[in-house]
Amino acid sequence: MDTTPQFHGSDLEKISEYYGIPKDSIVRFGANVNPLGLSEKIKASICQNLDIISSYPDREYAALRHAIGEYCQASPSHVIVGNGSTELISLLIEQKMPKKTLILGPTYSEYDRELSFIDSIRDYYILSPDRGFHLDLYDFLEKLKERYDLLIICNPNNPTSSAIPSEQMGQILRACREAGTFVMIDETYVEFTPDIQMVTAIPLAKEFSNFIVLRGVSKFFAAPGLRLGYGVTSDQSFLDLVRSRQIPWSLNSIAAFAGEEMFKDTDYIRRTRVLVQEQRAGMLRELRCLPNITVYGAAANFILIQIHPPGPKASALFQHCIRQGLMIRDCSSFQHLEGEYVRFCIMEPSDNARLLAALKECLPPVPTQP
């Protein structure tokens, strides 16, 4: 029986202690964070403006919401900010109080956790690995006829890295409007996609008001400790309700200031997208040469693979990599993901090369026939 503990991408201290590896030497392939780290420009700007701690932030966060609106091509009046997207998820569920919720899975467990606090009935529509975890749109539209109070979609999805095109999302929103279903779309990873406009639902706010898009700066801008999240919706009455129930100044002065600067850092944004797209394409090519695995297409900055017999268990592959200081994610803890799966994100080229070498040690290529 395998008694190896399950680790989250942020569990560096636990992993360091368990395996006896210095924390600073671990390459975090399980965290899904931008490999460039925090922008040097943003670091310098924060250091030069630390005196803002002595003042309260603008209670309306007008400048920040304007910067987000410019960045997302959305009206600032449609933007709400919060203490990470986690706070906004919690506020949304508290105000909507859905009796019956549909979740597109397998996916991030925080949605289920928040819904459990209000005893919402949780139903899942499970993406099939046989379809590469891509949505069967017409079957899904039939499912929506069962009438749910809330639909939750992570797009691109974690851990599958699959994405629903905005054209299909429009059809989903139309069906949900007819059924009286509000939709929460988590776009945490959308900025890593090859074509953001092909995936993001934000432009659909001009036509539909029955949804909100949630994003944050944790992954793309490598700032999880900043706790800056934001939402975009054209449902003004819902926005007003959430703001009225939100803790005043839930976002601190540094986060508000840094956010304004981040969304204008076009050079960092460009370099991130170029790095991820080039490295993702190269890793997918090499992985598809390995035997006994299925490599799924990746829209986000991470790749999901399934291991088939006689390949190793996911836990064994995790241990092989972590002993070399490479922390991937054993996906055994994801609900509704049956089988042996691991997930790893795109890092710097040298680190990606190390990971590919480690994977090849456990998954040696099939010898070519003479």
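Reader: What makes the crossing of α11 past α12 right-handed?

Author: A crossing is right-handed if the near helix is turned clockwise from the far one by less than a right angle, and left-handed if anticlockwise. In this predicted model, α11 passes α12 in the right-handed way. The helices are residues 314-322 for α11 and 349-362 for α12, where a helix is a DSSP run of H or I with at least four residues, a strand is a run of E with at least two, and both are numbered from the N terminus.

Reader: Why are α11 and α12 called oblique to each other?

Author: Their axes come within 10 Å and cross at roughly 135°. Such axes are lines fitted to C-alpha atoms, for helices over the stretch in contact, with angles from 0 to 180 degrees between N-to-C directions. Under 35 degrees is roughly parallel, over 145 roughly antiparallel, 65 to 115 roughly perpendicular, and the rest oblique. The pair is therefore oblique.

Reader: Which residues of α11 and α12 meet?

Author: From α11 they are L317, H320 and C321, and from α12 L355, A358, L359, E361 and C362; contact means heavy atoms within 4.5 Å. By class this contact has 6 nonpolar, 1 polar and 1 charged residues. Nonpolar covers Ala, Val, Leu, Ile, Met, Phe, Trp, Tyr, Cys and Pro, charged covers Asp, Glu, Lys and Arg, and the others, Gly among them, are polar.

Reader: What makes β2 and β4 edge strands?

Author: The open sheet has 7 strands in the order β2-β8-β7-β6-β5-β3-β4, with mixed pairing. β2 (79-83) and β4 (121-126) each pair on one side only. The twist averages 20° from one strand to the next.

Reader: How do you know that β3 and β4 pair?

Author: Pairing needs at least two bridges found by DSSP, and 6 bridges join these parallel strands. L102 stands opposite D123 in β4. Helix α3 (residues 62-72) packs on the sheet, touching β2, β7 and β8, and its direction makes about 115° with that of β2.

Reader: Is N32 called buried or exposed, and why?

Author: Buried means under 20% relative accessible area, exposed over 50%, and partly exposed in between, with a 1.4 Å probe and protein chains only. N32 has 1%, so N32 is buried. Its place is the loop between β1 (27-28) and α2 (40-48).

Reader: How is R227 classed by relative accessible area, and why?

Author: The value for R227 is 29%, so R227 is partly exposed. R227 belongs to the loop between β7 (211-216) and β8 (228-232).

Reader: What is the phi of N32, and what is that of R227?

Author: N32 has about 60°, and R227 is near 55°. Both values are positive, and neither residue is a glycine. Most residues other than glycine have a negative phi, and most peptide bonds are trans.

Reader: Where are cis peptide bonds found?

Author: One joins G105 and P106, with omega about 0°. Another joins N155 and P156, with omega about -5°. P106 lies between β3 (100-105) and α5 (110-116), and P156 lies between β5 (150-154) and α7 (166-179).

Conventions: Residues are numbered from 1 along each chain as its sequence is written. This is a predicted model: local features need pLDDT of at least 70, side-chain atom pairs count only at pLDDT 80 or more; totals for chains, interfaces and linings use all residues. Side-chain values use heavy atoms; hydrogens and water are left out.
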